[in-house]
Amino acid sequence: MELQGKRVMVLGLARTGCAAARFLIEQGAEVLVTDRQSEIELSSEMKALAGLPIRFLLGGEDPAWLEGVDLLIPSPGVPQENPLLQEAERRGAGILSEVELACRFIRAPLIAITGTNGKSTTTALVGEMLKAGGDLNIFVGGNIGAPLIGFAGGDWDWGVVEISSFQLEWVEKFRPRIAALLNLTEDHLDRYPNFQAYCEAKERIFAAQNDGDIAILNRDDPLVWSMRKRVRARVVSFGREAVDDGVYATREEIVWRSAGQNGKDERFSLARAKIQGVHNVENLMAAIAAAKAAGVTAAAIQKVIDGFAGLEHRLEFVREKNGVRYFNDSKGTNVGAVVKSLAGFSAPVLLLAGGVDKGGDYGPLEKEIRRTVKKLILFGAAKDKIRAALGHLTETVVVEDLAAAVRDADKSSRSGDVVLLSPACSSFDMFRDYTERGKRFKALVQEL
């Protein structure tokens, strides 16, 4: 792809936008960067790009800025309804997502992982399995860690990338050698007009694959499994029940069975696995499917299963105080994630939830709340909506902020209880992102 001399507009000056702008400058493009925020609000991002020949257009969205623009690169947080994108489409300018731009300059085969929940853990697992498998040059990035564009031009054997629905909205030729879709539940309905549109965005991860590629699908998720009829790649599946070809789990182990290898089984013990819960068994099955598709040995995979301790903000154990265990699940930003997190506990749970509502239904939480939540402690912008939907199921209180929620949990809990931050909402009413929210929760718990 030739970028020399092209006028390219980057929409959104967050982490991805900054990385894209730097890459475009290196390729000889004339770069314009737009953002709704002001120069003062973007001071740290402006500092990161200081000295580069970039024209900044901040504090608005003027269609006149599109004059002479050949290509637009929207950051993942910029919706398709953005007026500049709408006008660019009308004018016939090209629009590519950052991952689409990156894939034009990355020669290594990619393993791409998406889904509503479990993406980051599965991506990290696959990356560790490939690294354990031999002397290979592996990168892990995308929606986890560094933007994909930052790996363009490198000498890589494999790339393992987490991909969000937002990043898939403007892809054309993005073609992972191995692509996995883990699950689909309601999420980002504040961005998409309906659940179907969200699912269609996720399915685009398979759009450019052909019969030489591999699509990994969850047999236990009806929406995901239905895609086997539409994908062109060879399907490898995972799920709870035994199959003749694919990955399945028992209580003690995960089995990889390949019909192409005369029914050969490889069995992976869960006895020493550090990450627990039904959702993590699903993540491990998907990771094993991807790693085996990439040629990783059974010994390397087992080593990672035994040693992988999980990721920060994903059911992360914080401390035990007076017999009460505290867990940080700040990454639980949607209802489906919280359902799976609660399913992993048998002890009584005090659930801290709230933040910015994402337009979904809180109803799927009802069963787990009735089963294990002894108290619901709500904070943030969505607290009243959550109380209206779930407050009749258990003792429920509404508090001012996260600090007040932690104090209430400390006073209300008894030895043997679990205090779980799993918000079912995004964090932007009170925090920069789920990471800041999780770190704040951990600090508050350590101060008790």
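A cavity here is a set of grid points where a 1.4 Å probe fits but cannot get out. Keep that in mind for the last part of this tour, which moves through a predicted model.

**Stop 1**

Select residues 7-11, which make up strand β1, and residues 71-74, which make up strand β4. These two strands run parallel and are joined by four bridges. Within that pairing, V10 has I73 of β4 as its bridge partner.

Now widen the selection to the whole sheet. Reading across, the strands come in the order β3-β2-β1-β4-β5, in an open sheet with parallel pairing. The edges are β3, at 54-58, and β5, at 94-95, and each of them pairs on one side only.

**Stop 2: the six-stranded sheet**

Move on to the open sheet with the strand order β15-β16-β20-β17-β18-β19. Its six strands show mixed pairing. Select 316-321 for β15 and 395-398 for β19; each has a single partner strand, so one side of each is left without a neighbour in the sheet. From one strand to the next, the twist averages 20°.

One place to look is V349, whose bridge partner in β20 is V418.

**Stop 3: the cavities**

Rolling a probe the size of a water molecule over the atoms shows where empty space is left. How many cavities of 30 Å³ or more are there? The count is three.

To find the largest cavity, select E186, V335, K358, G360 and A424, which lie nearest its centre among the 13 lining residues. The volume of this largest cavity is about 80 Å³. Its lining has four nonpolar, five polar and four charged residues.

The second largest cavity has a volume of about 60 Å³. Select its lining residues, including P74, S75, P76, F166, W170 and R191. By class, the lining of the second largest cavity divides into six nonpolar, three polar and three charged residues.

Technical notes
Residues are numbered from 1 along each chain as its sequence is written. This is a predicted model: local features need pLDDT of at least 70, side-chain atom pairs count only at pLDDT 80 or more; totals for chains, interfaces and linings use all residues. Side-chain values use heavy atoms; hydrogens and water are left out. Two strands pair if DSSP finds at least two bridges between them. On a 1 Å grid over the protein atoms alone, a cavity is a set of points where a 1.4 Å probe fits but cannot get out, and a pocket is an open set with protein on both sides within 12 Å along at least five of seven lines; lining residues have an atom within 4 Å of a point. Grid points are joined across faces, edges and corners, and a volume is the space filled by probe spheres set on the points. Ala, Val, Leu, Ile, Met, Phe, Trp, Tyr, Cys and Pro count as nonpolar, Asp, Glu, Lys and Arg as charged, and the others, Gly among them, as polar. Axes are lines fitted to C-alpha atoms, for helices over the stretch in contact, and angles run from 0 to 180 degrees between N-to-C directions.
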